[in-house]
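Here's a quick briefing to skim before you load the coordinates.

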Amino acid sequence: MAGAEARVRQEKVRKFEEFVDRRLKPDLAKAIAQRDKVFEQQKTFLDLRRNIENLERNGVTSMRSMVNLGSEVYMQAEVPDTRHIFVDIGLGFHVEFTWQEALQFISVREARLARQIDEYTHLIASIKAQIKLVCEGIRELLQLPSEKELSPRNTW
């Protein structure tokens with residue numbers, strides 16, 4: 001009977017390990033990658049905010065700039081009126097804004113991105129907790145001591 005119990009226990013351990021490797025770890029990697037994309041968007045809007053504020057603070061109403069045409073080919077461009085800018089609002093659409101309209105749009109978008117980052121952070125923490133829970137279950141099935149039991153005890 002002990003051999004049959006050991007086989008059942010090993011099968012359970014295999015299923016738990018498979019669940020961690022095939023489901024939880026990929027879900028964790030995907031959630032981290034998605035949160036990283038939102039961090040990149042957040043940085044883009046922060047940079048745009050700073051650029052608009054610098055233009056406004058310095059009273060820059062026209063400028064010359066180098067524009068990347070693609071494949072690291074640049075061309076000099078002249079912007080005759082910087083007081084109106086086009087902002088990518090998503091899905092390939094760009095909207096012409098004044099500086100103040102752009103700053104208002106950026107504030108709304110930044111708040112939404114911050115909420116998304118919080119949601120992904122909670123999801124990541126939840127997945128990590130599930131992984132830890134399954135690992136504890138495997139440890140119990142294998143009748144191994146827990147991490148707490150392995151740590152040195154205070155002797156004072």
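What follows goes from the overall fold and dimensions down to one hairpin and the aromatic rings.

Keep in mind that this is a predicted model.

**Fold and dimensions**
- Reading from the N terminus, the order of elements is α-β-β-β-β-α-α.
- The C-alpha trace spans about 85 × 45 × 25 Å along the principal axes of the chain.

**Burial, surface and contacts**
- Of the 156 residues, 21% are buried.
- Take the contacts with a separation of 6 or more: 53% of them are between residues 24 or more positions apart.

**The β1–β2 hairpin**
- Strand β1 covers residues 63-70 and strand β2 covers residues 73-79; the two run antiparallel and are joined by seven bridges.
- Across this pairing, arginine 64 in the model sits opposite glutamate 78 of β2.
- Two residues lie between the strands of the hairpin, and serine 71 has a positive phi there, near 55°.

**Aromatic rings**
- You'll find two aromatic pairs in the structure.
- Which residues do ring pairs link into a cluster? They are Phe45, Phe97 and Phe105.
- If you want to describe such a pair yourself, the distance of the centres and the angle of the planes are what you need.

Methods:
Residues are numbered from 1 along each chain as its sequence is written. This is a predicted model: local features need pLDDT of at least 70, side-chain atom pairs count only at pLDDT 80 or more; totals for chains, interfaces and linings use all residues. Side-chain values use heavy atoms; hydrogens and water are left out. Two strands pair if DSSP finds at least two bridges between them. Helices (H or I, at least four residues) and strands (E, at least two) are DSSP runs, numbered from the N terminus. Rings of Phe, Tyr and Trp (its six-membered ring) pair if their centres lie within 6.5 Å; planes under 30 degrees apart count as stacked, over 60 as edge-to-face and the rest as tilted. Buried means under 20% relative accessible area, exposed over 50%, partly exposed in between (1.4 Å probe, protein chains only). Contact means heavy atoms within 4.5 Å.
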